[in-house]
Structure formats: C-alpha cells, structure tokens
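The following paragraphs lead the reader through one protein structure. Please keep the sequence and the structure in view while reading.

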Amino acid sequence: MIKFEIPYNLDPAYPEKLLQRPALIPYIDCIYAAAWKDDCDNTRFDITFRSDYPKTYEEYVERIKSLLALGIPVCILAQKKTTITMIRKYRALGIHQFILNDDKLAARIKQEYPEVRLTLSITRALTLSELQTGDYSMYDRIVLFHWFARHLEALQQLPTGYQYTMIANSACYHDCKWHDEHWFLKGDTPENYAKESERVCSSCTALLSKGKQQSAYIEPEDLRYFDPYVSCYKLVDRYDDTDTIFNTLYSYSARTGSGGKPIEYYNL
C-alpha cells in the first residue's frame with residue numbers, strides 16, 4: 001500500500017475529526033505542518049494572517065502536541081532559513097521528520113540525529129539532470145517538481161538510489177518558471193499579499209486557462225501510472241478546511257474520481 005502525506009491546516013478540531021474517520025488512518029504516512037512563523041520561512045505565508053492562526057508559539061506547540069497524540073508521524077516544513085538550533089527545538093517536542101531545502105543542514109542533522117527522516121522539499125524544483133548528477137544522499141525522500149507529473153516517461157530515467165514523493169493533486173502549472181517568487185512571497189497585509197500573488201501567478205494562470213492538462217493534477221484513478229516510481233504521494237493543501245483534506249485523502253486512497261485519463265495525458 002502506497003501511503004499519503006497529508007497537510008495540517010492548524011484547525012484545533014483536526015485530530016478529533018480524523019479520529020471520526022478511522023478508515024483513513026492506515027493510508028496516512030505522516031501529517032505535515034509548517035513550523036512556527038518566526039522559526040523559518042515556508043510557503044503559504046498568508047496563512048499566518050488567518051484569525052485562527054495560533055496567537056503565540058505556546059499555542060502553536062499545543063496544536064502540534066495534539067497531532068502527536070494521534071500516534072501518527074508529524075513532519076515539520078522548514079523550507080528556508082532553518083538552523084540546527086531550530087531543529088533541536090522541534091526534536092525536543094518529539095518531531096522525527098522534517099522537510100528541508102538545505103543540503104548542508106540536512107547532512108548536519110543526519111550526523112546529529114541519524115534516526116530523523118528528512119525530505120527534500122519540492123521548492124528545490126530539481127530537474128531530471130540535477131537528480132541524475134547531484135548528491136542527495138542526505139535525504140530519505142525527494143519531492144519531485146510538478147514537471148514530472150506531465151513527463152511520466154522521465155520518471156523511468158530517475159536514479160534508482162533515491163526514494164521519491166509526488167504531489168498528486170496540485171492545480172499549479174506543471175512547468176512554472178516563477179515558483180520561487182510565489183512560494184516565498186510575503187506581504188504586510190492580506191490584501192497586499194493577495195495582490196502580489198495575483199501578479200506573480202498571472203503568467204501561469206494564462207497557461208492554465210488552456211485546460212486542466214496544463215496543471216500538475218493527477219486523477220486519483222491514474223496513480224497507477226506513477227506507482228512504480230514513487231514511495232509516497234503528497235496531498236495539498238494547507239489552505240483547505242479539514243473536511244476537504246480528509247475527503248481528498250479518501251478519493252485518492254480509494255482511487256475514485258471523475259474518470260481516469262489515458263497514459264498519453266501525462267506525457268506532454
């Protein structure tokens with residue numbers, strides 16, 4: 001059974017709602033959550049503007065502890081400006097998994113905490129060539145960039161010495177060139193953030209208007225095309241409400257959707 005990494009949206013009711021759907025739990029590889037906003041930089045900065053975002057670090061920790069109490073691994077997103085001091089702080093909370101974008105830090109973490117599982121973030125946006133020639137042995141998994149969701153044949157050329165994760169349900173343009181500016185966008189207010197986000201994404205939005213095939217979205221039924229090449233799938237989005245997150249997990253774990261696509265659909 002290939003499992004799924006699922007997002008945590010900081011909803012205090014999330015653990016209880018998951019317990020009400022026990023059939024989903026065996027399909028969960030881990031629950032990933034962004035680190036506290038002051039500890040490092042992560043994507044989706046605008047979530048920190050939400051009224052239900054924790055008011056203090058202590059409140060944030062209580063919510064993370066409520067996830068840990070489920071007995072399901074919790075993985076912390078620490079994509080940029082992460083330090084070993086921050087890693088030590090989260091290790092003290094009982095965190096054993098991190099998603100990073102820093103090879104040197106990853107190697108140091110492995111030296112200090114060899115039992116910790118590290119994933120290389122999609123924000124690295126590695127190309128096929130970079131994967132074939134680089135050294136990523138300090139990571140346990142690598143999240144493949146959206147491009148691979150529409151270049152299925154390229155998966156056959158990936159180095160076999162690594163384990164790969166693929167985001168299954170992203171609506172992002174599969175070959176975005178403006179990803180860094182968007183991923184790590186910040187703003188002083190929700191309105192400024194939204195305005196800048198719309199500006200950065202305008203080129204991708206125009207391309208996506210050509211049809212869903214231009215996105216990186218994989219139909220639940222079509223995971224079978226990708227199964228031979230990945231060890232895990234990742235589902236988004238931390239923007240979603242809790243019921244939507246769990247309904248998405250159900251669709252993908254049951255592999256039921258609106259109808260599968262021919263294999264050619266995933267080779268642009």
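Four bridges connect β4 and β5, and the two run parallel; strands count as paired if DSSP finds at least two bridges between them. Strands (E, at least two residues) and helices (H or I, at least four) are DSSP runs numbered from the N terminus. The model is a predicted one, in which local features need pLDDT of at least 70 and side-chain atom pairs count only at pLDDT 80 or more, while totals for chains, interfaces and linings use all residues. Residues are numbered from 1 along each chain as its sequence is written, and side-chain values use heavy atoms, without hydrogens and water.

Within this pairing, I99 has T119 of β5 as its bridge partner. Between the two strands lies helix α4 (residues 103-112), and β4, α4 and β5 form a right-handed β-α-β unit. Right-handed means that, with the strands pointing away from the viewer, the path from the first strand over the helix to the second runs clockwise.

Strand β5 (residues 117-120) directs R117 and T119 one way and L118 and L120 the other, and all are buried, that is, under 20% relative accessible area with a 1.4 Å probe, protein chains only (exposed is over 50%, partly exposed in between). On the next strand, β6 (residues 141-143), two bridges join it to β5 in parallel, and L120 has I142 as its bridge partner there. The chain passes from β5 through helix α5 (residues 128-133) to β6 in a right-handed crossover.

These strands belong to a closed barrel of eight, in the order β1-β2-β3-β4-β5-β6-β7-β8, with parallel pairing.
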